[in-house]
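The sequence and the model come first, and the text follows.

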Amino acid sequence: MRNRLRELRRDRGLSQAELAEAIEVSRQTIIAMEADKYDPSLPMAYRLAAFFAVPVESLFFNPFVSPVSEAE
Amino acid sequence: MAGQTYRGRMRIALMLGTAAVIVAGVVSSRVVRASAPGENFWLVYPVLLAICALAFAALLPWWRKLDDMQKTGHLSSHYWGGMAGGLAVMLALVAATGRHSDLSLGALYTVLGQAVGFLAFLALWHLRRGDPAA
């Protein structure tokens, strides 16, 4: 699932290890999510959204909604 | 301190779990050697099961600390890798020693035990997630 995790993390000046530590997951999990190689569970997605204080849908893009219908 | 970070707590939980498994292996071996094979079965077997249960319990804190990607990795590897590895060894034993050798039968019973355990856990998993209104 495409996401803005890397962008938000860098905006905060955090390393992958620091973000992993902050939300209590492994660094490999952050790396996999940033590389779009692992889709997080809902609780983990909400946890990340809460950490960055953004709505979950602005962090993880819904793959079942096209950008056109989203704009409408 | 290492135990104050998530990584540190994971490391400690894994070390304690691993140590418990090693201790369980050593103690189990002593229990088995304490009597002749088959002798005192109804005493030795429950004791071995209890030791196993304690080793599992010691690994629970580590398991609960894993995030969902790590858990998925372990479950998937255990299911596919564990089954494939076990079956490959069983087939090698059957090919090398024949269908009815003690080694082949031992391997077969282990695989059967795994299958029964798998089905029991799967049934429990479905029951716990069943729709109460259904």
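How far does the backbone nitrogen of Asp67(B) lie from a polar atom of the side chain of Gln70(B)? The distance is 2.9 Å. As with everything below, this value comes from a predicted model.

**Around Gln70(B)**

Gln70(B) sits in helix H3 of chain B. Its side chain also makes a polar contact of 3.5 Å with the side chain of Tyr6(B). When neighbours within four places in sequence are left aside, Gln70(B) is in contact with Tyr6(B) and Met10(B), and also with Ser26(A) and Thr29(A) of the other chain.

| Pair | Atoms or groups | Distance |
|---|---|---|
| Gln70(B) and Asp67(B) | polar side-chain atom of Gln70(B) to backbone nitrogen of Asp67(B) | 2.9 Å |
| Gln70(B) and Tyr6(B) | side chain to side chain, polar contact | 3.5 Å |
| Arg9(B) and Glu24(A) | side chain to side chain, salt bridge, N to O | 2.3 Å |

**Between chain B and chain A**

Nine residues of chain B and 10 residues of chain A take part in the contact between the chains. About 810 Å² is buried between chain B and chain A, and carbon and sulfur atoms account for 54% of this area. On the side of chain B, the residues that lose the most area to chain A are Tyr6(B), Asp68(B) and Met69(B), which together make up 64% of what that side buries.

The two chains share one salt bridge. It is formed by the side chains of Arg9(B) and Glu24(A). Eight residue pairs, both members at pLDDT 80 or more, are in polar contact between chain B and chain A. In chain B, helix H1 (6–33) and helix H3 (68–97) each supply at least two residues of the side that touches chain A. H3(B) gives the most to that side, with four residues. Sorted by class, the side of chain B that touches chain A holds four charged, three polar and two nonpolar residues.

**Two helices of chain A**

Within chain A, helix H2 (residues 16–23) packs against helix H4 (residues 42–52) at an angle of about 110 degrees, and their axes are 11 Å apart. H2(A) and H4(A) are therefore roughly perpendicular to each other. From H2(A), the contact draws on Leu19(A), Ala22(A) and Ile23(A), and from H4(A) on Arg47(A), Leu48(A), Phe51(A) and Phe52(A). Of these residues, six are nonpolar, one is charged and none is polar.

Note on methods. Residues are numbered from 1 along each chain as its sequence is written. Chains are lettered from A and ligands numbered from 1 in the order in which they are written. This is a predicted model: local features need pLDDT of at least 70, side-chain atom pairs count only at pLDDT 80 or more; totals for chains, interfaces and linings use all residues. Side-chain values use heavy atoms; hydrogens and water are left out. Contact means heavy atoms within 4.5 Å. Buried area is the accessible area (1.4 Å probe) that two parts lose on being put together, summed over both. A salt bridge is a side-chain nitrogen of Lys or Arg within 4 Å of a carboxyl oxygen of Asp or Glu. A polar contact is a pair of N or O atoms within 3.5 Å; within protein, one must be able to donate a hydrogen and the other to accept it, and residues adjacent in sequence count only if both atoms are side-chain atoms. Ala, Val, Leu, Ile, Met, Phe, Trp, Tyr, Cys and Pro count as nonpolar, Asp, Glu, Lys and Arg as charged, and the others, Gly among them, as polar. Axes are lines fitted to C-alpha atoms, for helices over the stretch in contact, and angles run from 0 to 180 degrees between N-to-C directions. Angles under 35 degrees count as roughly parallel, over 145 as roughly antiparallel, 65 to 115 as roughly perpendicular and the rest as oblique.
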